[in-house]
Amino acid sequence: MPVLRRIPRLVTCADPVGQAELGEMRDAAVAWRHGVISWIGPDRALPADFAGETEFECDGGLVIPGLVDCHTHLAFGGWRADEFALRSRGATYQEIAAAGGGIRSTMRRTREATETELEARSRSFLEGMLRLGVTTVEAKSGYGLSLADELKLLRVYRTLDADGPVPVVPTLLAAHVVPPEYAADRRGYVDLVCGSIVPAAAAGGLARFCDVFVEEGAFTADEARRMLRAAASLGLRPKLHVDQLADGGGARLAAELGAISADHLEYTGEDGARALSAAGTVAVALPIASLYLRQPPMRARTFVDAGCAVAVATDFNPGSAPSWHLPLALTLACTMNGLTPAEALKGATRYAARAIGLEDSRGALEVGKRADLVVLDADSPDEWCYHFRPNAAREVFVGGSPVHDANLAATRA
Ligand code: NIG
Ligand code: FE
């Protein structure tokens, strides 16, 4: 059994409740078999029969569970630096979208891209994420907006997941916006989603969740109900992008539909937070998007106080969040959303795993969970989130395998 020894400080996230409960151990060791944790405890108590096994020395002050990015739009064509520049001069996200840019501009580039091109590009993003300690990634479709192109994106995720080493959890987001060819017939597009795209994604086992962007300029609550009920009837659990640009009652809608997570929530108030808490829906904070769009950040404290589990994710996409840097999102969750470093860390491990239905197998360091571990050049979660660096990860283990990568060492400085 391989074992990681002499860990000065270990954060387990083993406690299923309590946003700030990290479950720390000092001078610890972790052992695993076939990629699954089989022993964890004080180094001095490591059973003698581990002698002679592969031993890794801990080259850092803090070990945390592999990070889980529970909200990304991983595969897309092109970038939108032009829109970033326009927004820097005062244009709003909504104005740019109304003029034909935004999601529809990425849709055009994504439709032009081949499956192989999208796969190669997304793979390089995943490699960058892994070096930072991200060992599980949720990925949404949503830039195809036709049956063929949405399935193309979901197949990219299936290939990436099969190839490893980073597991990719696919979400169908055909309801991102109404594509231009249905501009005069939005009902026709909702029919297409319910009648063709959702069934095809479900039949092929290509998606685990179904997401809808509920907002002015995207979809209404009633349209979301129709599509998410159709998806749920075929086994795709709802997720929702809600209340990002205005309070549209999205949190209550997510609670009503039994969504596994409600994401964004920048404009959600106390009522919405209470509804999510009662429904057991994870509230996902996406501070990089708030930063880039100059939106008021989601008030994470309101959600924690209401009893919600709050997750933190990147929202990586070419428009509102063109960065896959999850540790950056955690630092911002502290400075913008009002979480403490410990709370933010729980939000990118155990609670992020909960937001994608994988809490049983990852997001915490416990016997029986995957041996996904990150060795950090930090002595505490406080110091890690505070002293933001390009990469504080010194070693990453995914399913028990160390990520040997020259870039990991090169990006430490
Ligand atoms: O989560 N809000 C909707 N979707 C993305 C943005 C997509 C884009 O601008 O391309 C988000 O912020
Ligand atoms: Fe998003």
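Mentor: What follows is a short chat about a few residues in this predicted model.

Trainee: Why is His 34 called exposed?
Mentor: The cut-off for exposed is over 50% relative accessible area. His 34 has 77%, so it counts as exposed. You'll find His 34 in the loop between β2 (24–33) and β3 (36–42).

Trainee: And what makes its phi worth a remark?
Mentor: Most residues other than glycine have a negative phi. His 34 isn't glycine, yet its phi is positive, near 50°. Asp 243 has a positive phi too, about 55°, and is not a glycine either.

Trainee: Is Asp 243 buried or exposed, and how do you know?
Mentor: Buried means under 20%. Asp 243 has a relative accessible area of 2%, so it is buried. Asp 243 lies in the loop between β10 (237–242) and α8 (250–256).

Trainee: Why does Thr 268 count as buried?
Mentor: Try the cut-off again: Thr 268 has 3% relative accessibility, which is under 20%, so it counts as buried. Thr 268 is in the loop between β11 (261–264) and α9 (270–279).

Trainee: What makes the link between the side chains of Thr 268 and Asp 243 a polar contact?
Mentor: The limit for such a pair of N or O atoms is within 3.5 Å, and these two side chains make their polar contact at 2.7 Å. Leaving aside neighbours within four places in sequence, Thr 268 is also in contact with other residues, including Arg 299 and Phe 303.

Trainee: Where is there a cis peptide bond?
Mentor: Between Gly 164 and Pro 165, with omega about 0°. Pro 165 lies in the loop between α5 (147–163) and β8 (168–175).

Technical notes. Residues numbered from 1 in each chain as written. Chains lettered and ligands numbered in written order. Predicted model: local features only at pLDDT ≥ 70, side-chain atom pairs only at ≥ 80, totals over all residues. Heavy atoms only, no water. Helix = DSSP H or I, 4+ residues; strand = E, 2+ residues; numbered from the N terminus. Buried < 20%, exposed > 50% of the residue type's maximum accessible area, 1.4 Å probe, protein only. Polar contact = N/O pair within 3.5 Å; in protein donor to acceptor, adjacent residues only side chain to side chain. Contact = heavy atoms within 4.5 Å.
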